[in-house]
Amino acid sequence: METKKIKRVDFIFSQDFKVSEVLFNTFKKTRDEILQEIIDSDLKGRGGAGFPTGLKWKAAKEDKITEKYIICNADEGEPGTFKDRAILEEASQKVFGGMAICAKVIGAKKGWIYLRGEYKFLIPHLRKEMAIFHDMLHNELGFDFTIDIFTGSGAYVCGEETALLQSMEGKRGEPRNKPPYPTNIGLYNKPTVVNNVETLVLSMMVVKIGAEEFKKLGIQDARGGKLFSVSGDTPKSGIHELEFGMLLSDFVEEFGDGDTKAVQVGGASGFCVPRKKFDTTTIGYKGKLKGTSLPTGGSMMLFNSSRSMYNVLHNYLEFFAEESCGQCTPCRVGTQQLLKGIEAIKKGEKSHEYLEALLSLSETMKLTSKCGLGQSVANSFSSIVENFREEMIY
Amino acid sequence: MSKKAMINITIDGVKLSMPEGSTILDAAKKENIRIPTLCYHEDLCVAGNCRICVVEVDGWHTLAPSCSTPLMEGMVIHTTTPKVRKARKDIIALLVSEHDTQCTTCYRSTNCEFQALAAEYNVDNAVYLSVLKPNIELDRSSWSVEKDESKCVRCQRCVRTCAELQKVNALAVTRKGRHMKISTFMDLPMNEVVCTNCGQCIIHCPTGALTERRYFDHIWDAIGNPEKHVIINTAPSVRVALGEVLGFPVGTRVTGKMVTALKKIGFHSVLDTDFAADLTIVEEGHELLQRLKRAIVDKEDVALPMITSCSPGWVKFIEHMYPEYLQHLSTCKSPQQMFGAMAKTYYAGKMGLDPKNIVSVAGMPCAAKKFEANRPEMKSSGFQDVDAGLTTREIAMMIKQAGINFLELDDSKFDSIMGASTGAGVIFGATGGVMEAALRTVYEVVTGKDVPFKNLNILPVRGLESIKEATIKIEGCKPEYSFLEGVELKVAIAHGLLNARIIMDQIVAGKSPYHFIEVMACPGGCIGGGGQPIPTNNEIRQKRINAIYAEDEGMPIRKSHENPEIKQIYKDFLKEPLGLKSHHLLHTKYTKRNRY
């Protein structure tokens, strides 16, 4: 199994280059050249799902409708994730720069930062930085592209890109049917690229150092570095920029408190890995790798032996039952059933065999839910139930 | 028009070519494969939220909702694999766990899409724990619409109906997650919000979550009371739809059987709303002529275009949405209310009855008629003019409760007086019908000649097109109407409140080119009313419309002013159209209402 030792990367918060210079050099290239560089780099979306960024841009670029938009998804809501906030606080110029590069490639003149409602306090800072950026972009580079801020209202589901678009259009934040995808029918039915904050910063990295250099970081299907939000039972909680492809055991050695029994990779919608699987789990996107490889939007929650995994799961299910938008049956009712079901088993009102019915239900939710929210509930549910079964029952 | 590209797919082993933009569900229908649906309705945009219609597509990690998934080249689709069946069964079981499953006491039992699905998939009520919210209160605040959240499957068909077909938005999705529900502005009761009572949400609801307020038990009591004289008048669109619930194919006219059944039930007199429709035409036609005279001759600032007021859903809509434009509404009461006022005055007198002992029932295709009957101003006879409005569905229910074998009944004729009707009265039931009936009368009043259309059939005003227009040049006027000589009378017809809004916005913008507009709240007019049999869709609407016009063609008299009982009532009682008695009994006023 190909893995990498834990290696720190310093790009996202690095001060050793100027955004304007990168843009100046990039804009000398053709749109196709820039796009090819992004595609070649194998850069994948850093929000969690890991869709290839280059292909997303390509789809929007090729759409015949001329008015297009780029949206920076800063609705960072996954439990245990707090990296985008740090990026916006400390490296917003790079975010804007990434948006400008995307705008150049797809042909957008307008972009938005969809800012999580709870991050409203960042607005004055962002506005100030944005004014500097616009001044540079319009007056030094003569590039016609303007960014604005749209503030969310606190619904977790609006981090899902089509719910985000609905919310921006003033509608209820509910995911749309896909296909069609936002790259063809997005905001106000215009081709729209929605990229995570970190993805946009990394697209700057790609054009700065080139696809070949970028690909030297990470492993097969997970190239580059990644910001990790480390939390839970760890002496080193906080944000760490690390190379992709590390073994979870190495991660735990570096960040654990010596008594780590499980790591939740990817937040409430991610997977729980028990101690016995630390050695065989790498952090990256699922691909051609043998063994288990887990994607993550960056949330790494460590739990030591003092924690009840029942409580952890209960907490996640409470969260999902509240944060489901409620429109589709499997997610709205399924989340309630999983929650009520584990409560009933714990209280002895249902036999432990009911866990099998619930696991089967979570599989139905994965197969039939409308969006990633309902589809991913099964991730944490099945990985916690299967690995900590006795904690669910007794 | 460019020809659409064709997409080649395989569905359940059958190779198929479908136009680009078609969905998996379209392909299945083409192949006669029935995929179960719940949130899907032909009238509405696709929501894709119930997930019951999922199917398996080769190469896909998740199942695909067939209603919302567009076909893609080379797609290989399987509609009944074990994986698909298991998923559907699970989803139905989840909905069951959220549902009040007391089907025995549900009004929609045996006509419930959800009940049928649960039965089809043989879903066990005990699969999952009940997550039905405790203490859900039934909203019975409205005269017309009853809302029971415990029966709601959250398919949002009502929400889409209220938004897309009617653009009223009284119902909306509120909250999220496990608290998500269909509610109103600030959770206000139904009688306090913009709800027009059109009942379109009811006929689009797959379950018993939205139903009409039911009054038939009171009618049974009245019929059993020897002191009461109970009469019923039935609207034209009831007779072309009632059969659907009682074993006849869609579009069957059951007028005679309906009359027989109602007599068997025990109504003392079974009368025809068409009589009152004819009365409405005479009054409304003269009102139009009066308005035109005041505008053209007297140069008064009179509100034109004049708009019909027969549809109580439409009337409440304009009261909420365009309260500054109420003067455009004809002051004529609807046929139901004209009938009620005449029943407890003219009819009582002729029959030698004390009006306080008359129970006047209206059999209507409509939910809003229940509200209309209870409007406080509708007491011009000195009593409540109409005691109860029943829907077509309630009438069918009463016929079933009476144990009548409807299929085998002989035909009977309506009773007299106030039972005679014309073809003009009949066509009130279809969109454009009021306009056609009015034109048949107005043109003849003005010129003394038939309206210049073959067989009196004014085809431009008929059909399901969203907004219809017609222009009629008036020629050869009688001396008293010489001011109309050569005038091109411009009319328009809108059905469905979405279209009503378009018509009203033209008026607001000062750009309405019309003299006279017919508006019906429900798509298709009364034949598609909120009190009609469920389901209703465009195919069914068209069949009911065809039945209406067939009924008209078969009538010996097809002009309202030629109805012998109408001539009689003016001679004996009302004296003249727009006269003093008419003013008191047949005309009304309107109320400004809130905007939420």
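User: At what angle do the axes of helix α5 and helix α8 of chain A cross?
Analyst: Welcome! α5 covers residues 92-106 and α8 covers residues 197-209 of chain A; helices here are DSSP runs of H or I with at least four residues, strands are runs of E with at least two, and both are numbered from the N terminus. Axes are lines fitted to C-alpha atoms, for helices over the stretch in contact, with angles from 0 to 180 degrees between N-to-C directions. The two axes come within 7 Å and cross at roughly 70°.

User: How does α5(A) lie relative to α8(A), then?
Analyst: Angles under 35 degrees count as roughly parallel, over 145 as roughly antiparallel, 65 to 115 as roughly perpendicular, and the rest as oblique. The crossing at roughly 70° therefore makes the pair roughly perpendicular.

User: How should I read the model and its labels?
Analyst: This is a predicted model, in which local features need pLDDT of at least 70 and side-chain atom pairs count only at pLDDT 80 or more, while totals for chains, interfaces and linings use all residues. Residues are numbered from 1 along each chain as its sequence is written, chains are lettered from A and ligands numbered from 1 in the order in which they are written.

User: How many nonpolar residues are in the contact of α5(A) with α8(A)?
Analyst: Two residues are in contact if their C-beta atoms, placed from the backbone, lie within 7 Å. Among those taking part are A:Val95 and A:Met99 of α5(A), and A:Leu200 and A:Met204 of α8(A). Ala, Val, Leu, Ile, Met, Phe, Trp, Tyr, Cys and Pro count as nonpolar, Asp, Glu, Lys and Arg as charged, and the others, Gly among them, as polar. Besides 3 polar and 1 charged residues, the nonpolar ones number 9.

User: Which element gives the most residues to the side of chain B that touches chain A?
Analyst: The contact takes 25 residues from chain B and 28 residues from chain A. On the side of chain B, 13 are nonpolar, 6 polar and 6 charged. With 6 residues, the element that gives the most is α2(B).

User: Is helix α11 of chain B largely enclosed or left open by the rest of the structure?
Analyst: A residue is buried if 20 or more other C-beta atoms lie within 10 Å of its own, exposed if 12 or fewer, and partly exposed in between, with C-beta atoms placed from the backbone. The buried residues of α11(B), including B:Trp314 and B:Phe317, pack against α13, α17 and β17 of chain B. Because 8 of the 10 residues in 312-321 are buried, α11(B) is largely enclosed.

User: Which residue does a cis peptide bond join to B:Leu304?
Analyst: Omega of this bond is about 0°.
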